[in-house]
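Here are my notes on this model. Please read them with the structure open.

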Amino acid sequence: MGVPLRDIRAEVEPSRPLTVDDEWLDDLRLRIDDLCAIAADYLEPPQVERLREACYFATGAHAGIYRKSGEPYIFHPLAVARILASVRFDHETLIAALLHDVIEDTHYNKDQISAQFGPEVADLVDGVSKLTQIQFNSKLEAQAENFRKMFLAMAKDLRVIMIKLADRLHNMRTLGAMRPESRRRIARETLEIYAPIAGRLGMNHLRQELENLGFSHLYPLRYRVLQDAVRKLSGNRREIIGQLEARIQDRLRDEGINGRVVGRGKHLWGIYQKMRLKHLPFREVHDVYAVRIIVDVVDTCYRTLGVIHGLYKPIMGRFKDYIAIPKTNGYQSLHTVLFGPNGVPIEAQIRTEEMHVMAEVGVAAHWRYKSDGDSQGNHAQQRAREWLRKLLDMQRRAGNPVEFLESVKVDLFPDEVYVFTPRGEIIQLPRGATAVDFAYAIHSDVGNTCVGARIDRRLAPLRTPLVTGQTVEVIITPTARPNPAWLNFVVTAKARASIRHYLKHLQREEAVLLGKRMLEKALAGRIGGLGELPAVRIKALVREFGLAGFDDLLADIGLGNRVPALIAKRLLPEEDEIGAPDASGQPLLIKGAEGTVVSFGKCCRPLPGDAIVGYLNAGRGIVIHRDSCKNVASYKKNPEKWIEVEWEPQISADFSAELRLDVINRRGVLATIAAAIAATDSNIETINTSERDGNTTTVHLLLNVRDRAQLARVMRQLRTLPEAVKLARRG
Ligand code: MN
C-alpha cells in the first residue's frame, strides 16, 4: 500500500513549502506505511485511511522542523503513534498522537484540527498540549497547580495520559541527542512522575522501559556496572534456568496442563532500588531464579500452583493470591517462592494469558479488547477510572491545589511523606522521617541549630515522625548544636551524615564548650552556673568514670557519650533522692546512664529494641518508657523532664512483656499456649484468664523475654495456633 512520493507532497498544505529533504522522503514513506500496516491489523479500512490522512497533515504541519538528532520532526509523532498502535489503541488516539505537537509547535489551532479530524481528536490533542506545557523540575518542586492540571486532563480522558506516556517513552529512547543536563533533568522527571503514573495505571511494560531508560541516563555508570553484573550472572546460570524451565514444562505436560513457562527479563532499575532501599549487595538481591507460567484459565492457575508445589517445596508465608485479591492497579497473578536447586529460591508467577496482557499493558488493555465486545476483564481500566474518580472527588473537596497534590502523591509514592514549610513549599522525606530530618532537608545549618519544631503550629518533640500533609516549622537558635542522641531516630542519610560530620570534626575545645553548654542547660533554673556545683561531687564522678578531669567529662557530654540530664542529676543532690547505691551493681541497660537508678515503666514495659524515651523522676531516677506509651503524650507538659535515651548494644537481662490473647474456648487451650511459648525459649511469669463470652476467653500473659525480637517470635508462634483469635502486646 505504498504511496508515491508525489502524493505526500500533494497532500501537505500547498501554501507551505515542504522542506523535508529528499533524502528523508523514502524513509518517511516507509514509516507511514509501517504505522498504517500495524493499524490495519485491527482497525477498519476507513479508519486506517483517516490515519494516513493525519500522517500527511502532521508532515505538512511540522515541515522544515528537525529534531536534535537531525531527523525530520515528523518522525517523532509517527513513532509515538506506532507505540500506541502496537498496544492496539483506537484510531482517534493514534491520530491525536500524530498531531500531539501540532497545537504547541505549529500555527494550527484546536478549531482547525476539529474541523479536519473531529472534536474528539481535537480534545485529545488539546489535552496533550496542556500537559506538555507543564514543567516539572523535579517531584520536589512540582507545583501543586501543575499536578492538579495534569490529573484533571487525565480524568477527562485517560487516552490523554496514554499519548503523553508514549510521547515520553519515545523522547526517552532518543534522549542521547540532548545535552547532559537536560538529559538528567528529563530522566529524573521520568523516574519521578511518569513511570509511577504508568505503574499506577497497570502499564508495567511501559513503566519498566521508562525506568530503565531513566536509570541509564540519570546514573549511566551505575547502570552499566549493574548491567554487566546481571549479564555475567545470567550467563553462568543460563543452563540451570533452562533445566528448571524444562522440568516445570515437562511436569505441566504430564499433568495435562496447557501452559507455557517463560523467562523473566531483568529490570535493572528494580534491582537497583532494592539494593539501595534494603541496603543489600547485588548478589543477595539477584540471588533468585525467576519463572513465569502462563496458562489458559483461572482454574488452571491454582492447579498449576499445586503441581509446582509438588515439584519444589514452597517457602512458607511467601504465597500471595493476587487473583482473588487484585492489586490496586488491577494486577492479577499467583505469586509463590520455592526452594530451588542449591538453595537458591525460585520466584514463580502464575497467571492466565489475559492477566498477562493486563499486567503488561494495564489500562491500555481496554482499547485492545474494545473491538471484541468489551467482554474481557477490564479490571485495570475500571480501577484506573475508580482511582481517577476518587481523585476528582478529592480535588472538588480539597478546594486548594496543595491539599489535592498531597493526596495524589500519597497514592503514587506510598513510601514517602510530603510535608510543607510554613511558606507552602513541599519537602519530600522517606516514611518515618522526623522534624530533625526535615530541618536537615532544608539546610544543614538549619539542622545543626534546630532546638524544637512546630508541627501544624503545635510544639512537638524533634523526634516526632512526620505525617503527609503536615506543616512543619523548625525553631532554631544560632548557638545551638546538633544533639548526638538524634542519631537514634533520624532516618535520612543527609541528617545522619551531617550529625556525624559535625561530631567527628568537633575539636576537643569545642566538645568541652558544647558539653558545658548542654550541662548548663540541663541544670537551668536550679543553680546559677557550673561554678556553684559542689566540687566533691564533681571529683567523685570524674573518679568513678575513670576520667582525668572535669573537662574530660564535659567533652564526653559534648561528644554524645553521656546524657547531660543524668550527669546534672548526679552532680546536684536532690533532697528526696534515694541515692544510687543499688545501681552500681546492675548491668548497663541504658547508654550513658551509669550510676543512675534506671527503672522501666509498668505501663508499657519497654524491651531492648523498642524505641524509648526516659523520664527524670525525682527520687526514682530515670524511668524508661516506650515511645508509643500513652504517658509519653504528657511530654508536652514537661518537656525538660524527658530525655533522649538509647539501649546499650549488648544487654543480657530478662525483661517482662505483657500480651493479651483472645482464644476460642477449647479444652487444653492453656496447655497449648504454654507449650507454644516454651518452644520459643521464653518463660511465663503469670497467666490469667477472663471469659469474654461463651465462645472466647482472654488470656493475659506476663512473659520473660530478652528483647523485642524474642517477643516477636513468641507472638508469631501464638498466631499460628488454631485457637488464637486476636493477639496484642499491652502498653
Ligand atoms: Mn512530543
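1. L210 touches L165, R168, L169, M172, T190, Y194, A195 and A198, leaving aside residues up to four places away in sequence. Contact here means heavy atoms within 4.5 Å. This is a predicted model: local features need pLDDT of at least 70, side-chain atom pairs count only at pLDDT 80 or more, and totals for chains, interfaces and linings use all residues. Residues are numbered from 1 along each chain as its sequence is written, and side-chain values use heavy atoms, without hydrogens and water.

2. The largest nonpolar core has 80 residues; L84, L94, L99, L165 and L210 touch the most other members. Helix α10 (residues 158-173) gives the most to this core, nine residues. Such a core is a set of buried Ala, Val, Leu, Ile, Met, Phe, Trp, Tyr and Cys residues joined through side-chain atoms within 4.5 Å. Helices are DSSP runs of H or I, at least four residues; strands are runs of E, at least two; both are numbered from the N terminus.

3. A second, separate core holds 49 residues, including Y440, L462, F545 and I557.

4. The manganese ion is coordinated by H76 (NE2), H100 (NE2), D101 (OD) and D167 (OD), at 2.2 to 2.5 Å. Donors are N, O and S atoms within 2.8 Å of the metal (3.2 Å for Na, K and Ca); water is not among the atoms, so the site may look incomplete. The donor spacing in sequence is H-x23-H-D-x65-D.

5. H100 is buried, at 0% relative accessible area. D101 is buried too, at 5%. Buried means under 20% relative accessible area, exposed over 50%, partly exposed in between (1.4 Å probe, protein chains only).

6. Overall, the protein has 29 helices and 18 strands. Of its 731 residues, 50% are buried.
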